[in-house]
Every structure is written in structure tokens, then in C-alpha cells.
Amino acid sequence: MEDSNANKNDNNGEEEGRWSLKGKTALVTGGSKGIGYATVEELAGLGAKVYTCSRNEKELQECLAIWRNKGFKVEGYVCDLLLRTERENLMRAVGDVFNGKLNILVNNAGVVIHKESKDFTAEDHNIVMGTNFDAGFHLSQLAYPLLKASENGNVIFLSSIAGFSALPSVSLYCASKGAINQMTKSLACEWAKDNIRVNAVAPGVIMTPLIETAIKRQQLTQARILLIRAHRLIFLDEPRTCSRGQRFYLLL
Ligand SMILES: NC(=O)c1ccc[n+]([C@@H]2O[C@H](COP(=O)([O-])OP(=O)(O)OC[C@H]3O[C@@H](n4cnc5c(N)ncnc54)[C@H](OP(=O)(O)O)[C@@H]3O)[C@@H](O)[C@H]2O)c1
């Protein structure tokens, strides 16, 4: 695999002091591409031990080889987060590797299906809501004892501006991200007493395989134009910008 998201960090290796995650443990879902890949590099570059997952074993193994070459402490697990049993197996593996303590959970894995609302099938609904919302919520529940045991837990959900603004052809995606926004606030209230902080980042357009595929299939053009006209919010950025934003939440 081409190292397209090559680490452009100026901190190859671990940063010390205020900007260090040395000794911390992290699970980043969907780390083989895009924002997840950049997040793994960000956290591992700051010294954290990172666990990640994705469905495609070959891609995941290629990523792990790149990270090991860079000296990062990253392990990976092949699983489909759509399935409850696979989420449970993943969290069991994380608990074993990190001795029952997890400092950081980044619920990053997500998918988008572009269709007119009237054309969405029950399967589309299950895939989008299951991957984007159900998996993040369930993983957070499963991670709760590990986050609490760490005495300094952090959960970050990947929301989107689509969770705040109306976009055509991605109504299920927008709904899944809107649900994440509300869930983030509720969990933050419930878990603050356990020293677990819960936040969400809501990026605009970040150039990742998710967006590249949509552009290739000419699924994004109309949405982009409408959004630019309506809100002037959209920007094309690279995954690293997003992972830097997450660093801010983790090191506050
Ligand atoms: N890119 C943007 O412009 C943008 C903007 C706002 C929010 N976001 C959000 O940011 C997150 C990451 O987006 P991205 O653009 O980086 O996406 P991406 O390039 O498509 O990468 C998604 C990652 O998630 C994994 N994944 C997807 N479904 C999975 C499943 N069922 N089980 C396990 N792993 C799964 C993928 O690997 P496999 O395919 O091998 O499973 C891949 O590693 C998503 O939640 C997305 O909604 C993205």
C-alpha cells in the first residue's frame, strides 16, 4: 500500500512534556484509511500505544508494517463493526492487550451511502446507522469499565458538519451524525463523574478515500455546490488537520 498519508509530522517519535501521550492507551476504529489513519499516527507519534481495526486484512497489515517501521506501537484487529459480537471480541482483545485500562477511544469508522431519501432500503439504513451510530455507542458502553479503570478516560466521536447542516442525498448519514452529537452530550454528562471526557469533532470535507470515492462516482458535486452556496462552510482539507483537532481535546 502506498503511504499516501505519510506522516508529515515534525515530531517523528514521542513528544515529551505537555504534548505527550506516553504511557496512554488508545483504540482508534477504522485506522487503515483517511482520518483514522492520521489519528493513529497522531496518537502513536505522541507516544501512545494504539490499537486499531478495519475490515480489510491486507490493508490493515500494510498499515501496521508502515507504523512499525516508524517505530510506533500499534496493533491491529480485523473486524466488522456492524456486528455486535465482533465489537465485543474487539473490546476483549483491547482489554487483554492494555491490561484492562483504556485512556482513549476514538469512534472513527464510518460510511456514507448517497441516495435520494425515498430510495434508501432497510439494508442501507442498517449499514449507515449500524456503522456510524450503533457501533460507536456500543463500543463506548463496552469500553466504559476500561476507561474508568484508567482514571483518565477520553472518548472522541467523529461527527460531521452533516450532523448540523442539511445536505441532499445523504439523509441517513446526516441523521447518524446528528444522533452522535446528542449522544456525545449525554455521555459527557453521565461519565464526567468517572473522569471520562466525551467529545465529538465535526469536520468539513477532508480528502480521504470516503470523499475520493464519492467524487469519482460524481455523488458529491451537487451537495458541495449547495453547501458552499448556503453556508460557505465547506473546505477541502487533509486528514492530518482533523487528527490535530483531536489532539487538542486529548491534551487539554
Ligand atoms: N472525510 C470527510 O470529509 C469526513 C467529514 C466529516 C466526518 N467524517 C467522518 O470521519 C470518519 C472517517 O472518515 P474517512 O473519510 O476517513 O473514511 P474512510 O476514508 O472511508 O475510512 C474509513 C475507515 O473505517 C473503516 N471501516 C468502515 N466500516 C467499517 C466497519 N464496518 N468495521 C470496521 N472498520 C470499518 C475502513 O476500513 P475498511 O473499509 O477496511 O473496513 C477505514 O479504515 C467517519 O466517521 C466519517 O463519517 C469524514
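Strand 4 is covered on both faces: Ile104 and Val106 on one side, and Leu105 and Asn107 on the other, are all buried. This strand belongs to an open sheet of six strands in the order 3-2-1-4-5-6, with parallel pairing. The model is predicted, and the protein in it has eight helices and eight strands.

**Strand 4 and its partners**

- Strand 4 pairs with strand 1 in the parallel sense, over three bridges.
- Within strand 4, Ile104 is the residue that stands opposite Ala26.
- Strand 4 also pairs with strand 5, again in the parallel sense, and here the count is four bridges.
- Leu105 has Val155 of strand 5 as its bridge partner.

- The six strands follow the order 3-2-1-4-5-6.
- Strand 3 (74-78) and strand 6 (196-201) are at the edges, and each has a single partner strand, so one side of each has no neighbour in the sheet.
- On average, neighbouring strands of the sheet are turned by 15° against each other, direction ignored.
- Five bridges join strand 2 (residues 49-54) to strand 3, and this pairing is parallel.
- Cys53 has its bridge partner, Tyr77, in strand 3.

**Helices on the sheet**

- Helix 1 (residues 34-45) packs on the sheet and touches strand 1 (25-29), strand 2, strand 3, strand 4 (104-107) and strand 5 (153-158).
- The direction of helix 1 makes about 170° with that of strand 1.
- Helix 4 (residues 122-150) lies across strand 1, strand 4, strand 5 and strand 6.
- Helix 4 runs at about 170° to strand 4.

**Two buried residues**

- Val28 is in strand 1, and it counts as buried because 30 other C-beta atoms lie within 10 Å, where 20 or more are needed.
- Apart from residues up to four places away in sequence, Val28 touches Gly36, Thr39, Val40, Leu43, Val50, Thr52, Val106 and Asn108.
- Val28 and Asn107 are 79 residues apart along the chain, while their C-alpha atoms are separated by 6.4 Å.
- Lys177 is part of helix 5, and this residue is buried because it has 27 C-beta neighbours inside 10 Å.
- Neighbours within four places in sequence aside, the contacts of Lys177 are Asn132, Ser159, Ser160, Ala162 and Gly163.
- From Lys177 to Ala200 the C-alpha distance is 9.9 Å, and the two residues are 23 apart in sequence.

- Most residues other than glycine have a negative phi.
- Glu151 is not a glycine, yet its phi is positive, at about 65°.
- Glu151 sits in the loop between helix 4 and strand 5.
- Glu151 counts as exposed because it has 11 C-beta neighbours inside 10 Å, and the limit for exposed is 12 or fewer.
- Asn195 is also a residue other than glycine with a positive phi, here near 60°.
- Asn195 is in the loop between helix 5 (171-191) and strand 6.
- With 13 other C-beta atoms within 10 Å, Asn195 is partly exposed.

**Around the ligand**

- The ligand is surrounded by 31 residues, and the closest are Gly30, Gly34, Arg55, Gly110 and Thr208.
- At least two residues of this shell come from each of helix 1, strand 2, helix 4, strand 7 (205-206) and helix 6 (209-216).
- Sorted by class, the shell has 14 nonpolar, 13 polar and four charged residues.

**The whole chain and its confidence**

- The protein has 252 residues, and 42% of them count as buried.
- Of the contacts between residues at least 6 apart in sequence, 73% join residues at least 24 apart.
- The mean pLDDT is 88, and 85% of the residues reach 70 or more.
- Residues 1-15 have a pLDDT below 50, and this stretch makes 22 contacts in the model beyond near neighbours in sequence.

Terms used:
Residues numbered from 1 in each chain as written. Predicted model: local features only at pLDDT ≥ 70, side-chain atom pairs only at ≥ 80, totals over all residues. Contact = placed C-beta atoms within 7 Å. Pairing = 2+ DSSP bridges. Axes fitted to C-alpha atoms, helices over the stretch in contact; angles between N-to-C directions. pLDDT = per-residue confidence, 0-100. Near = placed C-beta within 6 Å. Nonpolar A, V, L, I, M, F, W, Y, C, P; charged D, E, K, R; others polar.
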